Amino acid sequence: MLLTTSRTAAVSGLLGKAEPRISTAPLRELTPDTSLGFEAIDVAESILGESLHPWQKNFLIGSLELALGSFSYDEFPALRFKTVLLLVSRQNGKSFIMSRRLLWRMLMWEGPETEPALILGAAHKLPAALEIMELTAKAMQRSAGRKYLSTWNRGTGTQLLEFTNGSRYKCEAASDDGGRGLSVTDLAFDELRQQREWDAWSALTNTTNARFSPQVLAVSNAGTSKSDVLRGLRKQALNRIAEWDKYVDGGLLDVESFANQYDTTLGLFEWSAPEGCDIWDRDGWAQANPSMGHRNAQGVVLLTEDMMASKASQVGAQGEDGVPEHVFRTENLCQWVTADVESVFGAGVWDAGTDPDSAIADDSKIMLSVDVSHNRAMAYIGASGFRGDGKPHVEVIAMREGPEWVVPFLEENFKKSGALGVVIQGRGAPASSMIDHLEASGIPVFRCEGSNLGGAHGKFFDAVKTRRVFHVPQSVLDAAAADGMMRPLGDVSIWDRRKSPVDVSPLIACAQALWGLEASGLKVEQVSAYENGGSVMTI
């Protein structure tokens, strides 16, 4: 079937947008004195004989911004960003610009260390990491840079690219023991959307701790609800952008004061289509596909408007055959969607209750709650109280590995919190074993059990669905809301710790805290059986 003219007629000269739709603001004007990105562009043009696309130049200039007080003419200039996130749609040259960025570090970098630069490439699978190394090596081989090549070992077991100045480039598959024993200048983490747990990220990023001005570069297109690591880092970056907008753009702080009080070392550069745009929105195509319409080194336009129209035409209407719309949006518009594993709350419902400025009012009563993951790997303390406008607020106020820290933490902090008590599932949950210890310490405990268990989970579900409860952005809570599963308990449903693909204990802690806060008829029973006069709260 021919594509209809109204939807696919080519707009002559439609070009991808050079500026990212979402990005971390620079701390000062970016010039050759304040960003090493200009030098990186010069390396590509003068040594490799290449011309970069406008968006690629902007990415290099932005991501290689220097820290306040540091300049390119210093003996050892220091980069501002410790971690850089680059998000852009598929087939726009992410791997290409990463390879050129890493080439700059290998060719030009001279830090105070005695060791030359070491690059570590990583991805969920080794071939994906090796692709960027191969682009780097081939760019050198076919250019004036070949004189700097010393070793390129592509044999199985050892993959190594080495330059005559001693700089090296290695690759590994992402794992929880990745990079052990290495001290890395740049970590290039490709396809971060594939990381569903934090173990590999933590192991690999810690290889940069003992280097001067290192950088972790994470590259991906948009993720799904399962992309825990990328989603968490992106949310942190968005929170930092919101802080900048509030305090600096809002005129409350100058740049130097802001940099002294808030972290400015996480950078986000995202080329994506606006949320909610139509899949045929050509301006959205150009925003998410910055290489569209631009010629490559051979003078050929590879990513065209016609190609995007072809992809969009394959999207099936809801309930009909065709490419699922959420797949097109993720791959071609770099948009975050959760239609593949939709939240039990429904699309957009949890986010509707997100308020970065939400907080418990000083004069509000407060309820705490403890929950532990099914494998006892993590424990969480949730809190609930009323905001200044009288609406309920929930958040996770503490979380650590294992449950052993919870009782000592509450013994030290419960009275200072001003809370009424601590809600814990009465029996059958990993946290239930803490009840006796907390009661022995004199901390009031609310047992959530029997019919109240389903009531607590159900009322929280209803509160979220009706946009009655608010929360701040928190990655562990957002992930639980996005992917958490429920299971039947008689005629009601409760959150399923064991079968959920993510840890839902943060959500359970908040649900129990809200239930305890709002429950009527709270009564403290003094239980003389406890030698220290401990108390049990019942409902």
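Reader: How far is the sulfur of Cys-277 from the closest cysteine sulfur?
Author: This is a predicted model. In it, the distance is 12 Å, and the partner atom sits in Cys-334. That is too far for a bond, because a disulfide needs the two sulfur atoms within 2.5 Å.

Reader: Is Cys-277 buried or exposed?
Author: Buried, with a relative accessible area of 9%. Cys-171 is buried too, at 8%.

Reader: Where is the place of Ser-213?
Author: In the loop between helix H6 (199–205) and strand E8 (215–220). Ser-213 is buried, with a relative accessible area of 5%.

Reader: And Arg-376, what's its phi?
Author: About 65°, positive although Arg-376 is not a glycine. Arg-376 lies in the loop between strand E10 (366–372) and strand E11 (378–386). Its relative accessible area is 38%, which makes Arg-376 partly exposed.

Reader: Now charge. Which residues gather in a patch of negative charge on the surface?
Author: Asp-176, Asp-177, Glu-197, Asp-199 and Glu-401.

Reader: Where is Asp-176 found?
Author: In the loop between strand E6 (168–173) and strand E7 (186–190).

Reader: What's the relative accessible area of Asp-176?
Author: 47%, so Asp-176 is partly exposed. The cut-off for exposed is over 50%.

Methods: Residues are numbered from 1 along each chain as its sequence is written. This is a predicted model: local features need pLDDT of at least 70, side-chain atom pairs count only at pLDDT 80 or more; totals for chains, interfaces and linings use all residues. Side-chain values use heavy atoms; hydrogens and water are left out. Patches are made of residues with over 30% relative accessible area and no salt bridge: like charges are joined within 9 Å, nonpolar side chains (Val, Leu, Ile, Met, Phe, Trp, Tyr) within 5 Å. Accessible areas come from the Shrake-Rupley method with a 1.4 Å probe; for residues, only the protein chains shown count as cover. A salt bridge is a side-chain nitrogen of Lys or Arg within 4 Å of a carboxyl oxygen of Asp or Glu. Lys and Arg count as positive and Asp and Glu as negative; His and the chain ends are not counted. The place of a charge is taken as NZ of Lys, CZ of Arg, CG of Asp or CD of Glu. Helices (H or I, at least four residues) and strands (E, at least two) are DSSP runs, numbered from the N terminus. Buried means under 20% relative accessible area, exposed over 50%, partly exposed in between (1.4 Å probe, protein chains only).
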